[in-house]
Each structure stands twice: as structure tokens, then as C-alpha cells.
Amino acid sequence: MAPKHGLQPPEDAFLKRAKTSATPASRSATPADPIGKVNFRVEYPDIEIPDTEEELEDFKTPPGVELQISPFKAKGASKPGELNQCYKVVPTEAWMNMRKYTNFVIQKETYKNNHFVFVRSEDTPPAIRASGSENLKDFWVARILQVRAVDSQHVYALVSWMYWADELPQPKIKSPDQVTPSGGKRTYHGSHELIASNYMEVLDVLSFAGKADVVQWFEEDDNLHSKLYWRQTFCRQSGELSKIREHCICKGHFNPEVPMYICDNPQCNVWLHKPCLVDDILFKTYKKETPNSTNGVSRANSTKGKGKSKPYKNKFSADIEEERDGVPPMFLIKDLRPGHEREWRERISCPSCDTELE
């Protein structure tokens, strides 16, 4: 697949961004030196890579082929070194003949290997830098893997692309938490979340618009001190996202921009989605208030796997009133049935252990 067209083959054009060239358009003048006009591209030879570090030490690649040990180590990767791969930059001779550098300077700013950078796309307003942009999604984001140059005017960086969640392709198997049927963004993806990948590309460093502050979030808390973060990877070979931590009775995930409730029982300590708590109390209310009804009762006996059936629909509603003045969060429940209209409050209990939330 062509790099940074979004992670879809060219014929799939649902993504908002698309490039027509092999690299993001440079805002500089075309270099006079013919080598500056070379359109480098990255190819991926089908070479099996050893799984263990010991075997990797003795691993040899064919001439012109290099091994990239991915700097991205996701907690939920399917296997160690999932993103490692062999690659070849073409034209190979032009690439290999250039000297390697560990850093370079653009407008008095020093860039080094493993720095994250903003990259101008064809949609980026001309001359704008990331530091002055109100919308960081005007830019692409990449991680520098290697720098080579002919001279100070012709500097190229091999990068690994980061992807905004909106750019993800439709999964091979439909996922219930997809935001749209045709895209790969999930409901747990935050607006400042990036997905690391092993899609690589060679860029002219003049397409860089500044350094990006990107951190890896291990999901051990909800305190994100960086504006941009990543926790998941997208594997070029498998076309799959790495797994992330499961939460709640629904076995779903955590969007750090959407508050969750935490059970106060240290033996449970489960993180709970608000819709799941509301769904749980409505099933329980329906069962209690309509004891002679069999519709949905078997489902109401379980806090997991309720599916799409909602026997309480149009009969009961519930919302959560947040904690205030020392009063713990409460359910506000309404009976909507004709002739039974009323409302009342109940404490919120953990669906897993029945501990009341404080």
C-alpha cells in the first residue's frame, strides 16, 4: 500500500487526506542538483525476521536491504517485535551513497533520530508551522528513523508514520466500537490520539513544520500531560491494531476524554462506562417493576452480554447526577409507563461486585 495515503489501497478513497506524490509536497523551491529530484520510495522485501534478540544479532540482510527494529513497543502487540521489518529504499544506490547523520538543523531548530515531527501535507496552509496552528490535524506526524544527506541543501529523513484515528482503514472484521461503518476510528480514540505504525517513507526535511511532543500512554492512569499521545500500533503486515486494556463489564476501552466511574472496592476496582451503568440499572429496574413480564428478564439477570435488546425502552429512563456537596453520585430513574409516572433516586452500585460508588 502507498504510504501516508491513509492505510488503504489507492482505490479506497474514503479518507479525508490523500497524496498524489510519493512524499508530502515540499514548500521549498525545486533543488537545482539533480539528486534532489529523486523520488525515493520504500519497498518491503518478503524476508522472514527472527523473533529472538539473540537470533537478530546474527541476522544478515541482502545487499541494499536494511533491517528496521521498530521503536514502537505496544503493550498489546500480538508478538514481540511485531513491527520489525526489512526494507529497501529505491533508488538504492542513490540512497546508500548518501552519508548518514545523527541530526540536522532547520531554522535554528535541531532535529535528531527518534524525534517526532509535524509534516506538511497537501492540505496544510502554506508557510504555517505547527507551533502556530490551532488545528494540529492540518499536519501529519512522523518519527525520524534515519537521516541521510548529499549536502546541507539536500537532506532526507526516513520516517515511520503516525496516523490520526480518522485515517485508519475499515477493519477486516467489523468492530462494534467503530465510529463509522467505513472507517477504522474507534469510540475510544481521543481527539489527540495517534496510532504508531511501521509504514515508512523518505521525506525531504524541508517538509517538516516543527517538532511534535508525543508520548506513549500506558493506560495506567488518565493523566495525560502531553497534548499528543499514542498507545496503539497498526501493523503493516497484518493490517491489525494492537490490543489495549479492557475495562468495564462490556470489556470495552477507555477514551481519556470521556469520564469513567471507578469501583471503590479495592478487590474490584473496575472502570465503568456511564452508558453501561445506566443500562445495568434500567435492566434491574425493569425486572423489579415488571415482575410478571418475561421479556428481557433472562438478560436482566446478567450484567454482561446484554446485546441490543432493551426491554425497558420507552418504559423507564435513567441518568446520573454527579457528586455534589458531599452527596455521592446517584441515579435519577423515571417510570415512563402511562399511569405509573414517577421518578426517584438510587445509589449507584458496581455491576460487578455491588459496592456502592462514593
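Biologist: How much space lies in the largest cavity, and what makes a set of points a cavity?

Modeller: About 30 Å³ of space lies in the largest cavity, where a volume is the space filled by probe spheres set on grid points that are joined across faces, edges and corners. On a 1 Å grid over the protein atoms alone, a cavity is a set of points where a 1.4 Å probe fits but cannot get out. The structure holds one cavity of 30 Å³ or more. This is a predicted model, in which local features need pLDDT of at least 70 and side-chain atom pairs count only at pLDDT 80 or more, while totals for chains, interfaces and linings use all residues. Residues are numbered from 1 along each chain as its sequence is written, and side-chain values use heavy atoms, with hydrogens and water left out.

Biologist: Which residues line the largest cavity?

Modeller: Lining residues have an atom within 4 Å of a point, and among those of the largest cavity are Gln68, Phe72, Leu83, Ser160, Asn198 and Met200. Strand E10 (residues 193–204) gives the largest share of this lining, three residues, a strand being a DSSP run of E with at least two residues, numbered from the N terminus.

Biologist: How many nonpolar, polar and charged residues does that lining have?

Modeller: The lining of the largest cavity has five nonpolar, six polar and no charged residues, where Ala, Val, Leu, Ile, Met, Phe, Trp, Tyr, Cys and Pro count as nonpolar, Asp, Glu, Lys and Arg as charged, and the others, Gly among them, as polar.

Biologist: What volume does the second largest pocket have, and what makes a set of points a pocket?

Modeller: Its volume is about 470 Å³, and a pocket is an open set with protein on both sides within 12 Å along at least five of seven lines. Ile49, Lys79, Gly81, Glu82 and Asn84 are the closest to the centre of the second largest pocket, out of 23 residues that line it. The lining of this pocket divides into nine nonpolar, six polar and eight charged residues.

Biologist: Why does Ala94 count as buried?

Modeller: Ala94 has 19% relative accessibility and therefore counts as buried, the cut-off being under 20% relative accessible area with a 1.4 Å probe and protein chains only. Ala94 has its place in helix H2 (residues 92–96), where a helix is a DSSP run of H or I with at least four residues. Across the chain of 358 residues, buried ones make up 47%.

Notes
Buried means under 20% relative accessible area, exposed over 50%, partly exposed in between (1.4 Å probe, protein chains only).
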